[in-house]
Amino acid sequence: MLLATADSAALSALRLRGEATRTQEAGIVEAWFDFQTLAARGRGHVRLRAGKAFTVLTSMTELKGYEEATGSTRPLGVEHSVARGGRQTWLEGRQTETAQLGYTRQPFVVIVGGGQGGIVLAARLRKLSVPCIVVEKNARAGDSWRNRYKSLCLHDPVWYDHLPYLPFPADWPVFCPKDKLGDWLESYVSLMEINYWTSSVAKKAVWDAESAEWHLTVEREGETLSLRPKHLVIALGVSGYPSVPQLPGRDVFAGEQHHSSAHRDSAAYAGKRCVVLGGNNSAHDICASLWEAGAEVTMVQRSSTCVVTSDSLVELGIKPLYSDEAVARGIDTDTADLILASQPYALQAAQALPMYKQIRERDAQLYARLAAAGFLLDFGEDGSGLWLKYVRRGSGYYIDVGASELVANGSVQLRAGVGIAHLNKESVTLTDGAELPCDVLVYATGYGSMNSWLADLISPEVADQVGKVWGLGSGTIKDTGPWEGELRNLWKPTSVEGLWIMGGNLHQARHYSLCLALQLKARLEGVPTPVFAQAPVHHTR
């Protein structure tokens, strides 16, 4: 790839940024550098081992001639002149844009999904003057968080979760409650002047090869509209539809049953006999919430879970890059993102082993008590822990914020290594034959693949043409090989013209939204964007 693209990229203005430094890893020297190509400016990072390049990252930061209007080039905000009939105010300009875009003027990009991924990408595109509309089914921006279960808080700390342009205030809580985050996202949409269509549902998308544009049918507040963007971005989270097992007896069960995505307030279940099927993040959070509300709770853990306490994860895994202490050492959020991105996935498993050895020693007492309670623990098939489980399969872990103690001390009853065979009128029968009285059954059973959205919105054929979304091809459970080396189909051209996928947590949305926004801006302005090679599709839905 380097040989094929070096001449057309025309690398120039290579300049070391600061001094090279020795790392804690023996024999590694690292350095930052700035560079330019024919079309762009960027920032890079290199690690040297024995005088040779060990890892190299190059990251585009802006397109030449299409830079964000910021700092000394920021908008004036007012016309210092007079005109008969009056000048258009900022508010009038926004009202005109809102009335026209999608009606008399077509957007260049439509983003389907208005959670953090869609919002952050739209903010980037706004700063780059790319006409864009976000289509969101909920009534308000931030509702995708507000509508989750009452006790939900972010499991990642504030320093890891900043949004671009508007970082959280200095007194923002370390772990943000869901409703507070929802309000922040709603305010962000307004302040970033994002064209955000609420109560709107994308019904069908069809690619018109002749005009090289999408025909997207949207129902907006009872009105059917047709949008014709050149590019369609699917930004519907890190997964697909809720995965609900179709168990025998569902129709005869007299109690309440729902997926974890539909769980709201546990107070209604005080005194009820509740069974939660699953053993990962949502299962633990909901078990804890039900127990606090006075319910009798049993967790049915089908397979092993990687459990890491929040304190240990933050202290050993996150604070070195994302914290006030890191900022004091000169590692701001953007720098931390680049450091993380500079570590190839192929090396991350080995790099994680020492940290998880520390974590196992640090929290040995908790792990021993969980094991004594029968809980099935793991740290990934290769011992690489939570982050690799996340990028490989998007499941199989719990960041412990208190529920593990309830399992360890028996407050939450546990049935491990079994599933539910069938439902009865007032109970569930497990696969080992045991019967549990049950008034409420919560399916904390995860979600399907992201490209299941594509099958419904566009077609099953297009979904299969794109292939599986997420995962690395590590050959571990739920991440079938072959090795691909980066997350499948995210933030880069898919095999379908004009179709992109935006996903990930807040950190990933912040960092990779710039990569995707620059690719879309280049296409708007006619900047050549050759794709060296399309990643082969090894797995469909």
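Residues are numbered from 1 along each chain as its sequence is written, and side-chain values use heavy atoms, with hydrogens and water left out. Because the model is predicted, local features need pLDDT of at least 70 and side-chain atom pairs count only at pLDDT 80 or more, while totals for chains, interfaces and linings use all residues. Helices (H or I, at least four residues) and strands (E, at least two) are DSSP runs, numbered from the N terminus.

**Leu 436**
- Strand E20 (residues 435-437) contains Leu 436.
- Leu 436 counts as buried because its relative accessibility is 7%; buried means under 20% relative accessible area, exposed over 50%, and partly exposed in between (1.4 Å probe, protein chains only).
- Leaving aside residues up to four places away in sequence, Leu 436 touches Val 275, Thr 298, Val 300, Arg 415, Ser 427, Val 428 and Leu 430, where contact means heavy atoms within 4.5 Å.
- Cys 274 is 162 residues from Leu 436 along the chain, yet their C-alpha atoms are separated by 9.5 Å.

**Ser 310**
- Ser 310 is found in helix H7 (residues 310-318).
- With a relative accessible area of 7%, Ser 310 is buried.
- The residues that Ser 310 touches, not counting those up to four places away in sequence, are Phe 175, Ile 399, Asp 400 and Val 401.

**Helices H3 and H5**
- The axes of helix H3 (residues 116-127) and helix H5 (residues 178-191) come within 10 Å and cross at roughly 25 degrees; axes are lines fitted to C-alpha atoms, for helices over the stretch in contact, and angles run from 0 to 180 degrees between N-to-C directions.
- That angle makes H3 roughly parallel to H5 (under 35 degrees; over 145 is roughly antiparallel, 65 to 115 roughly perpendicular, and the rest oblique).
- In H3, Gln 116, Ile 119 and Ala 123 meet Leu 185, Tyr 188 and Val 189 in H5.

**Helix H11**
- Leu 366, Tyr 367 and Leu 370 are the buried residues of helix H11 (residues 364-372).
- They lie on the same side of H11, because they cover an arc of only 95 degrees around the axis; the arc is that of the directions from the helix axis to the C-beta atoms.
- Gln 365 and Ala 372 are exposed on the other side of H11.
- Strand E15 (306-309), helix H10 (345-362), strand E16 (397-400) and helix H13 (403-408) are included in what covers the buried residues of H11.
- Gly 374, with a positive phi near 95 degrees, follows H11.
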